[in-house]
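Here is a set of questions on how labels follow from computed values. Each answer sets a value against its cut-off.

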Amino acid sequence: MIRVKRPDPPDSLLRKDGKAAAERDAVMKFFESAQNLGQKYPGVFKAYKEDDVVKAINILFGEKCAYCESTYRATAPVDVEHYRPKNAVFDEVTKKLKYPGYPWLAFEWSNLLPSCIDCNRRRTQKVSDGKRVVGKANRFPLVSERQRANRPGDEKKEDALLLNPCEDAVHEYFIYEEMGVILPRAKRGAKFQRALVTIEVVGLHRAGLVGRRRKHLKKVQRDIRKFQNHEQLLRDNPGLKGDAVMKQLDELVDTLLEYLEPDEEYTALSRQFIEPVLAPFLPALSSKARRSSTAERRRDGSRRTSARTARCSA
Ligand SMILES: [Zn+2]
């Protein structure tokens, strides 16, 4: 999971005469009446499915799932996921659905995320410690069920346990093992709890997903070894610094930097393994600057900079 900065909302969610405005007015009117508090909202929502919203959601994480970082671009349409569920929420104490959920956030840009089907839907899955139903659906666990909002605005008083990849520093919460397994980075405390709950709710320990991360990591490690071997060769043989040799080093660095792009699959895992390897060679660039410079190169269609080659061969 990586943190992504959310851009401004798409136009259709902002227009005063649009579907979102009409849906917002209807929800607010419903909850103005005290007798409707805690009741199921009878209306329907369409604004979050408008073309420009779906397009913006796809761009947000480069057509990959905000939770598990698997790309869906070639296999399935995106599930526009409501971080806080719109129609009902699963009560973690009674284990039953509770109303109203968060209907007033159904069309709010800040509440929408792209999700793959497996993270978003409740299904029986093989996970690291057995087989059971996982997937987010109506789940949105809180530190205490007593905080649960039942009217617009009260959600601001909640302490969410599920991490939000557009708001939380999610890179601080997880660690990836050699076999593709994801674990909480902290050993105890609030960070441990939020990481653990997030893994369980969206099923980041699904066997299929762990397998895909393992396969990805093998590829990353192979490319790390190629870079390290070549770099060692240059270190041991200073006379080898001809154009062809330097070009090869440049390409090996580019291959590693490519894995760190936010729209590549499993970027968080790649960063954990690649950044410590490249760090000594890129002392003048912060990791943030490196990311933006690689993003710029991608936009320009250019894959190399002589500055990097100079640093790497230093
Ligand atoms: Zn997913």
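**Labels and their grounds**

Q: Where is Glu63 found?
A: This is a predicted model. In it, Glu63 is found in the loop between helix H3 (51–60) and strand S1 (79–82).

Q: Why does Glu63 count as partly exposed?
A: Glu63 has 15 C-beta neighbours inside 10 Å. A buried residue needs 20 or more, and an exposed one has 12 or fewer. The count for Glu63 falls in between, so Glu63 is partly exposed.

Q: Why is Ala137 called partly exposed?
A: Ala137 has 19 C-beta neighbours inside 10 Å. The buried label takes 20 or more, and the exposed label takes 12 or fewer. Ala137 is found in the loop between strand S6 (130–134) and S7. Its phi is positive, about 45°, although Ala137 is not a glycine.

Q: What is the peptide bond from Tyr99 to Pro100, cis or trans?
A: The bond is cis, with omega near 15°. Pro100 is found in the loop between strand S3 (97–98) and strand S4 (112–115).

Q: What makes up the largest nonpolar core?
A: This core has 58 residues. To belong, a nonpolar residue must be buried and joined through C-beta atoms within 7 Å. Met1, Cys65, Tyr67, Cys68, Phe174 and Leu204 have the most contacts inside the core. Elements giving two or more residues include helix H2 (19–32), helix H5 (189–202) and H7. H6 gives the largest share, six residues.

Q: How do you know that this core draws on domain 1 and domain 2?
A: At least three of its residues come from each of domain 1 (11–205) and domain 2 (209–312).

Q: Which residues does Leu204 touch?
A: Leaving aside residues up to four places away in sequence, Leu204 touches Tyr67, Cys68, Ile182, Thr198, Ile199 and Leu209.

Q: Which residues of helix H8 (residues 267–278) are buried, and what covers them?
A: Thr267, Ala268, Leu269, Ser270, Ile274 and Leu278 are buried. Their cover includes strand S7 (174–176), helix H6 (207–236) and helix H7 (243–259).

Conventions:
Residues are numbered from 1 along each chain as its sequence is written. This is a predicted model: local features need pLDDT of at least 70, side-chain atom pairs count only at pLDDT 80 or more; totals for chains, interfaces and linings use all residues. Helices (H or I, at least four residues) and strands (E, at least two) are DSSP runs, numbered from the N terminus. Two residues are in contact if their C-beta atoms, placed from the backbone, lie within 7 Å. Domain bounds come from an automatic or database domain assignment.
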